[in-house]
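Reader: I am new to this structure and would like to learn how to read it. Please show me.

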Amino acid sequence: MKELRIGIIGTGMISNRHMNVWSHVPAAKVVAGCDIIESKVNAWGETYGIPKENLYTDFREMLKRDDLDAIDVCVHNNLHTPVCVAVMRAGYPCYCEKPMAATYADAKIIYDTAKETGQKLAVQISSIYNLQTRMAKKMIEEGKLGKIYHVRSVGHRREGRPGMDMPNFSRDFISKKIGGHGPLCDLGIYHLAQMLYVLGMPELEQVYGMSSADYYQDPRLLPGDLKFESEDLSVGIAKFKGGISMDIYEDWAMHMDDVGPSFIAGSMGGLKFLDIDTTGGDLAKSRDGRIVGGGMVQRPNLEFFGYEDGVMVTKNLDCYMGGKKEALVDPSVIPFNDNQMQWAAYLRGELTDETRIDSPYLAMQTALLSEGIFLSQKLNRSVDAEEIRQLSESTAVRKQETPWGVIEYDF
């Protein structure tokens, strides 16, 4: 098996999670890293045993190498577009951390660049790479839920605003310029994308929604002139072709213990989604069982509600343990249990555009849906899908100040 030599751009918290997963991917090795802060990339290099000559502060210098097979992009939301475009134009396949971008316009730029350059592209969406998602999709395709008519996409934290209440996360999360948006583009990507995928990518018609940032902000967590510029709550209702409705709820902080789970309702049955994977699955956990960067590994499962022989039934579907056994019995599912495992298989040609999960298209359609909520609030009315496509604007960084100079981006 040919060794894949990977370069990483951005050596913050999420890169450590990626590194942990890469350590489990056969014949894959991260050999270079870049961060605009020299002390940061040097410390990262020491942690992972990467020689200083393979560490960079300007990613453009790393892209001049001819001994890398792919680039892993771990920068913040509004830097995804400029960096991913530069990576693919330099002739490298690109693996992008979620969300694809903070706006639909920027996600489409990345998507179109992959098509124009012919480079392979993938987006990290951990929620779709497990048996929970495969089983839900299969049950819907087999008609076990009947006609699907309503879906709920939910994400909730009692208090967990990255960059504010969560100290392991960069302050860039709450920056409008760098982060772009709040929970809907952070954890929301996992919930929305999973629902779109298991439903077979229904065509969006209309969206109505709004966002806010009214949860208490302790001034001691905002020293100096630092401001919380993102939303902490986004809600919406979407209508899809074929008569499917979806209500959307995503927060970073709410004075409430439980707001309920994501679910899919059909005429003959319903599915409740339990413990959706938003942290990267088993491969992202360290030796102590915790996820690198914080949190415990999740155990994605399903509950089914419906009829059998005319009798109302409730079933617990243990997708987490079932997925472990499935991988032992049928190793061909392993690339469908983890983002980076699938990315490696795709790079090697073991999976094709037809057989892999098309995460870039899924991520772009997720961006279309989330953008509809922000645009609806801006216009104070519902918006249709074509309006979203036409009115979405790029918020990506085009000029970046660094400790050593300025990067001008061209895209």
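Reader: How many salt bridges does the count come to?

Author: A salt bridge is a side-chain nitrogen of Lys or Arg within 4 Å of a carboxyl oxygen of Asp or Glu. By this rule, there are 25 salt bridges. This is a predicted model, in which local features need pLDDT of at least 70 and side-chain atom pairs count only at pLDDT 80 or more, while totals for chains, interfaces and linings use all residues. Residues are numbered from 1 along each chain as its sequence is written, and side-chain values use heavy atoms, with hydrogens and water left out.

Reader: With which residue does Lys 138 form a salt bridge?

Author: Its partner is Glu 142, and the closest N and O atoms are 2.7 Å apart. Glu 142 also forms a salt bridge with Lys 144, where the closest N and O atoms are 3.3 Å apart.

Reader: Is Lys 138 buried, exposed or partly exposed?

Author: Buried means under 20% relative accessible area, exposed over 50%, and partly exposed in between (1.4 Å probe, protein chains only). Lys 138 has 46% relative accessibility, so it counts as partly exposed. Glu 142, at 43%, is partly exposed, and Lys 144, at 44%, is partly exposed too.

Reader: Which side chain meets that of Arg 152 in a salt bridge?

Author: That of Asp 247, at 2.7 Å from N to O. The pair links distant parts of the chain, 95 residues apart: Arg 152 is in strand E7 (residues 148-155) and Asp 247 in strand E10 (residues 244-251). Helices (H or I, at least four residues) and strands (E, at least two) are DSSP runs, numbered from the N terminus. Arg 152 is partly exposed at 30% relative accessibility, whereas Asp 247 is buried at 15%. Elsewhere, salt bridges that share partners join Arg 5, Arg 65 and Asp 67 into one network.

Reader: What is the order of the strands in the open sheet?

Author: Two strands pair if DSSP finds at least two bridges between them. The open sheet has 6 strands in the order E3-E2-E1-E4-E5-E6, with parallel pairing. Strands E3 (55-56) and E6 (121-123) stand at the edges; each has a single partner strand, so one side of each lacks a neighbour in the sheet. E6 pairs with strand E5 (residues 94-96) in the parallel sense over 3 bridges.

Reader: Which residue in E6 is the bridge partner of Cys 96?

Author: In E6, that partner is Val 123.
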